Amino acid sequence: MKTAEIQARLEACSMEALPAELAAWEGDSRSTVQKLLERYRKKQAAYEKELARTEVMKKYEKVYGEYSFICGIDEAGRGPLAGPVVAGAVILPKDCNILYLNDSKQLSAKKREELYDVIMEQAVSTAVGVVSPAVIDEINILQATYEAMRIAIGKLSPAPNLLLNDAVKIPEVSIRQIPIVKGDAKSISIAAASIIAKVTRDRMMEAYDTLYPEYGFAGHKGYGSATHIAALKEYGPCPIHRRTFIGNFVTVEG
């Protein structure tokens with residue numbers, strides 16, 4: 001069989017079937033085939049490493065496995081100068097096998113988008129809570145974050161009976177909560193919530209960019225980049241700027 005035909009067979013293999021297919025060609029002494037096999041062995045090794053990493057991230061889901069509906073909670077947008085804060089809430093199935101879940105900040109925008117679609121397809125339930133810049137200014141960012149989380153939790157169906165939170169304990173919630181420091185890198189449920197929150201907020205900021213193009217929201221998503229601060233100083237604040245966040249850069253009226 002030609003090397004190209006062997007490659008086509010390897011490419012068509014599922015990761016589960018790949019080891020057997022690699023073994024079938026180990027006796028082929030052609031250098032082109034051996035180089036091809038080595039490439040796919042590396043691919044298999046990377047896959048197995050990711051399986052192991054993901055398995056470690058199921059630790060809390062296993063420890064609290066007696067709970068029927070475990071919900072991961074995380075937020076996006078606590079630090080920006082503009083835009084809302086968004087909380088994500090995700091209940092994954094018990095047999096969840098989604099790979100590459102991680103803290104959304106550790107993933108590329110393309111990977112986040114890919115995983116967003118997979119999470120939305122496979123999750124038992126997902127929800128987001130959004131709190132506006134005006135409310136952030138009124139009640140402060142921490143309280144606004146809690147409110148966004150409560151909104152997201154309230155939208156879930158079925159209702160969760162355990163919350164895995166990224167570091168915080170949410171006030172005024174009667175469901176049992178497990179705060180986990182750096183939880184978005186330690187729990188698949190929190191990581192999934194992190195991705196849902198981040199992608200949702202990024203899409204919102206890209207939409208705001210069409211309304212207020214002079215600020216470049218599509219690029220920096222409202223964070224305090226040099227270009228954003230320069231635009232803020234040149235044009236002043238727009239309706240989605242957080243007045244309580246921008247006082248170091250511009251004079252805020254009222």
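1. A quick definition to start: a residue counts as buried when its relative accessible area is under 20%. Cysteine 96, at 4% relative accessibility, therefore counts as buried. Please keep in mind throughout that this is a predicted model.

2. On to the cysteines. The structure holds 0 disulfides. For cysteine 96, the nearest cysteine sulfur belongs to cysteine 71 and is 13 Å away, and cysteine 96 is in no disulfide. A pair of cysteine sulfur atoms has to lie within 2.5 Å to count as a disulfide, so 13 Å rules this pair out.

3. What about the burial of cysteine 71? This residue has 0% relative accessibility, so cysteine 71 counts as buried too.

4. Now the overall fold. The chain contains 10 helices and 5 strands. Its radius of gyration is 23 Å, whereas a compact globule of 254 residues would have one near 18 Å.

5. Burial and contacts over the chain come next. Of the 254 residues, 48% count as buried. If you take the contacts between residues at least 6 apart in sequence, 64% of them join residues at least 24 apart.

6. Surface and charge can be read together. The accessible surface of the chain comes to about 12600 Å², and carbon and sulfur atoms account for 54% of that area. There are 32 positive and 32 negative side chains in the chain. The centres of these two sets lie 4 Å apart.

7. Where in the chain's secondary structure does glycine 129 lie? The answer is strand 3, which covers residues 125–131. With a relative accessibility of 0%, glycine 129 counts as buried.

8. Which residues is glycine 129 in contact with, leaving aside its neighbours within four places in sequence? They are Val85, Val86, Ala87, Ala148, Ile151 and Ala152. For isoleucine 151, the C-alpha to C-alpha distance to glycine 129 is 4.9 Å, while 22 residues separate the two in sequence.

Definitions and conventions:
Residues numbered from 1 in each chain as written. Predicted model: local features only at pLDDT ≥ 70, side-chain atom pairs only at ≥ 80, totals over all residues. Heavy atoms only, no water. Helix = DSSP H or I, 4+ residues; strand = E, 2+ residues; numbered from the N terminus. Rg over C-alpha atoms; globule rule 2.2 N^0.38 Å. Buried < 20%, exposed > 50% of the residue type's maximum accessible area, 1.4 Å probe, protein only. Contact = heavy atoms within 4.5 Å. Areas by Shrake-Rupley, 256 points an atom, 1.4 Å probe, with all protein chains shown as cover. Lys, Arg positive; Asp, Glu negative; His and termini not counted. Charge placed at Lys NZ, Arg CZ, Asp CG, Glu CD.
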